[in-house]
Amino acid sequence: MTTIDSMDLRLQQIHGRIAAACLQAGRPVSSVALLAVSKTFDAPAVYRAALAGQRAFGENYIQEALEKITAVQALAAHATAALPAPAVQWHCIGPIQSNKTRAVAQHFDWVHTVDRLKIAQRLSEQRPAHLPPLQVCIQVNIDAAASKSGIAPEHALALAQAVAQLPRLCVRGLMGIPDALPDFAAQYAVHRQVRAVFDAIAQAARSAALPGFEHWDTLSLGMTGDLEAAIAAGSTMVRVGSGIFGQRTPG
Ligand SMILES: *Cc1c(COP(=O)(O)O)cnc(C)c1O
């Protein structure tokens, strides 16, 4: 059971780590956003984090996310004038099958895991007209682990360009999930590779005045175990799960 107090404490600890990493890197603290990864944790846990000031939540599994989004809305319905419902934003950070694109387009604000044009096209077609464009990051597979999703770095620019043309998507940047590495130097080296791809695309977009890259500003990199190295390498959004919600029970 997570109390409000321990949730507050863990969120403060993560904000402290982010601030220290920004200071170390000579970056403003405001340049790094915190995405709370709530997979496997329930709606009351999300709601407690939201009441403690956390706004953005990341989910990996679509079905689990849809149930949780509904449950969090139900909790918000009990808000009072003294304790108003916090605004919550949902980010999809898991793989998306074609048959799940409609649900994602309808219920999420961001998607970090676009690695195929076909999925992006479906998301754009299925994004409801009354919602703002879906904010999208291209997932890059930087260390080429065979089991992982993500596009190869050399194809990322072409995919980003195609996504930038889609009317109901707004391309924001890149996302990476490097394999867990033991030490800062190794983590930093792999994060720097994602950053280099991010910069190369920004440069290409600038020099060719490519349309649709006006909001290319997001590098979604770093988790509980490697957020310092990710921030040193230029991450603008760290995705933290266990550091906020506690250890996930396996299975
Ligand atoms: C689970 C997960 C995270 C958070 O991992 P922690 O180690 O708990 O911080 C971040 N990103 C993705 C894509 C994840 O699946």
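## The second largest pocket

About 200 Å³ of space lies in the second largest pocket. A pocket here is an open set of points on a 1 Å grid over the protein atoms alone, with protein on both sides within 12 Å along at least five of seven lines, and lining residues have an atom within 4 Å of a point. Grid points are joined across faces, edges and corners, and a volume is the space filled by probe spheres set on them.

This is a predicted model, where local features need pLDDT of at least 70 and side-chain atom pairs count only at pLDDT 80 or more, while totals for chains, interfaces and linings use all residues. Residues are numbered from 1 along each chain as its sequence is written, and side-chain values use heavy atoms, with hydrogens and water left out.

Who lines this pocket? Y47, I69, V72, Q73, A76, A85, P86, A87, V88, W90, H107 and D109 do. Helix α3 (residues 62-76) gives the most to that lining, with 4 residues; helices are DSSP runs of H or I, at least four residues, numbered from the N terminus. By class, the lining has 9 nonpolar, 2 polar and 1 charged, where Ala, Val, Leu, Ile, Met, Phe, Trp, Tyr, Cys and Pro are nonpolar, Asp, Glu, Lys and Arg are charged, and the others, Gly among them, are polar.

The largest pocket has a volume of about 400 Å³. Its lining takes in 20 residues, with K39, N60, I93, I177 and M223 nearest the centre, and splits into 7 nonpolar, 9 polar and 4 charged. The ligand sits here, meaning that more than half of its atoms lie within 2 Å of the pocket's grid points.

Around the ligand there are 13 residues, and K39, N60, T224, S242 and R248 come nearest; to be near, a residue needs a heavy atom within 4 Å. That shell holds 6 nonpolar, 4 polar and 3 charged residues. As for polar contacts (pairs of N or O atoms within 3.5 Å), the side chain of K39 has an N or O atom 2.6 Å from a ligand oxygen. N60 puts a polar side-chain atom 2.6 Å from a ligand oxygen, and for R248 the distance is 2.8 Å. Taken alone the ligand exposes 390 Å², of which the protein buries 88% (Shrake-Rupley method, 1.4 Å probe).

## A cavity as well

There is 1 cavity of 30 Å³ or more, a cavity being a set of points where a 1.4 Å probe fits but cannot get out. The largest cavity has a volume of about 30 Å³, and its lining residues include Q139, D143, K148 and I177. By class, that lining comes to 4 nonpolar, 4 polar and 2 charged.

Technical notes:
A polar contact is a pair of N or O atoms within 3.5 Å; within protein, one must be able to donate a hydrogen and the other to accept it, and residues adjacent in sequence count only if both atoms are side-chain atoms. Helices (H or I, at least four residues) and strands (E, at least two) are DSSP runs, numbered from the N terminus.
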